[in-house]
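Here is a report on a sheet, the helices beside it and the ligand shell.

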Amino acid sequence: MKIDYQEPSKDLLMRIDIHEKYGSANIDVWTNELLQPKAGMSILDVGCGAGKLSFLFDDYTKRGAKITGGDFSEELLDKARAKNKERGSNIDFQFLDFNEKFNFEDNTFDLCTSAFAIYYASDLKFTFGEAHRVLQSPDPSSGKPGGRLFVSGPLPENKQIFYDIIKEATNAEIPPMPGSSRFKGDIFNTINGIFAKTELHKFENHLTFPEVAPFIDYVRASLGEDRKLWTSMFNGKDEYEALIGKIEAVAQKWFDRDGKLVMTKVVGGILATK
Ligand SMILES: C[S@@+](CC[C@H](N)C(=O)[O-])C[C@H]1O[C@@H](n2cnc3c(N)ncnc32)[C@H](O)[C@@H]1O
C-alpha cells in the first residue's frame with residue numbers, strides 16, 4: 001500500500017509544542033526510561049523529522065552515543081541540521097527513505113528507533129526487515145544481546161475527542177490515520193514475525209485545553225491540506241476553512257458544556273530485540 005503522506009515542518013512543530021504545553025505526561029521521559037540509551041551505543045533514528053528523538057538521546061547519553069537521524073524530507077533535515085549546529089552536537093542527519101534499502105551495513109546499530117513515522121511504510125515486511133538487518137545480531141560468545149527496535153505510534157483509541165468532534169461537525173466518518181489503524185495489528189505482527197522478542201508498551205497523555213483556540217490549532221496542524229492525509233474531507237481552501245469553522249462551533253459547544261476539552265493521546269511503543 002503506497003501512502004502519499006507529507007509532513008510540513010510547521011505542522012509537526014506546532015503539534016509537538018501543543019503536547020508540551022497542555023499535556024499531563026512527558027513522552028520523552030517515558031521513552032528514555034523504556035530504552036535507557038547509553039553512551040557508546042550506535043543509534044539510528046528513522047523518520048527523525050526535525051530531530052526530536054535524536055536530540056533527546058544525545059542529551060540523555062550526554063553526547064556519548066553515535067547517533068544517525070534519517071528522513072526523506074529535506075525541509076525537516078535542514079531544521080535538524082540547523083539545531084545540531086546551534087547546539088554544537090554531532091548527530092549525523094542524512095537522507096533516508098524507509099521504503100528503500102537502508103544505506104548501512106548489516107549489524108551496525110545497537111538501537112533503531114522510529115517515532116510516529118515508520119508505520120507509514122508501504123511494505124512493512126521490507127522496511128522492518130531493513131531495520132532488523134542493520135541492527136546488531138546477538139553474540140552468544142560474549143552474551144551480548146541483539147540490537148533493539150523501538151517504534152512508537154498512535155493506538156486506535158488515540159485522541160478520541162478529536163475524531164468525535166469532527167464526526168459531529170461533518171456528519172462523516174473521518175478516515176483513520178494510516179498509523180493508528182495498523183499499529184497494533186499489522187505492524188506489531190510484522191515486527192513479531194521478524195524479531196526474536198517483541199513487547200507492546202503504552203503511554204497516555206491527557207491534553208487539557210483551557211480554551212477552544214489551541215484545540216483548533218491542533219486540528220489545523222493535523223488536518224492541514226498539505227499533509228495529504230484527509231483531503232477526502234474537503235476540496236480546496238474555501239471548503240477547508242468552512243470545515244474548520246464547523247469543527248470550531250462543535251468544539252465550542254462541548255467546551256461550554258464541560259468547561260474544558262480533554263484529548264487523550266494513547267501511544268503504543270513496540271520494543272523488539274533481534
Ligand atoms: C510525524 S513525523 C515524526 C518525526 C519525528 N520522529 C518526531 O517524533 O518528531 C513523521 C516523519 O516521517 C517522515 N517520513 C514519512 N515518510 C517517510 C519515508 N518514506 N522515509 C523517511 N521518512 C519518512 C516525515 O518526513 C516526518 O519527518
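Strands β2 and β3 run parallel, joined by four bridges. Two strands pair if DSSP finds at least two bridges between them. Strands (E, at least two residues) and helices (H or I, at least four) are DSSP runs numbered from the N terminus. This is a predicted model: local features need pLDDT of at least 70, side-chain atom pairs count only at pLDDT 80 or more, and totals for chains, interfaces and linings use all residues. Residues are numbered from 1 along each chain as its sequence is written.

| Strands | Sense | Bridges | Bridge partners |
|---|---|---|---|
| β2, β3 | parallel | four | Asp71, Phe95 |
| β1, β2 | parallel | five | Leu44, Thr68 |
| β5, β7 | antiparallel | seven | Val151, Ile270 |

The chain goes from β1 through α3 to β2 in a right-handed β-α-β crossover. Right-handed means that, with the strands pointing away from the viewer, the path from the first strand over the helix to the second runs clockwise. β2, helix α4 (residues 74-87) and β3 also make a right-handed β-α-β unit.

β2 is largely enclosed by the rest of the structure, because five of its six residues are buried. Buried means 20 or more other C-beta atoms within 10 Å of the residue's own, with C-beta atoms placed from the backbone.

The open sheet has seven strands in the order β3-β2-β1-β4-β5-β7-β6, with mixed pairing. Its edge strands, β3 (92-95) and β6 (197-209), each pair on one side only.

The ligand has 20 residues around it; Gly47, Gly49, Ser73, Ala115 and Ala117 come nearest. A residue counts as near if its C-beta atom, placed from the backbone, lies within 6 Å.

Notes:
Buried ≥ 20, exposed ≤ 12 C-beta atoms within 10 Å, placed from the backbone.
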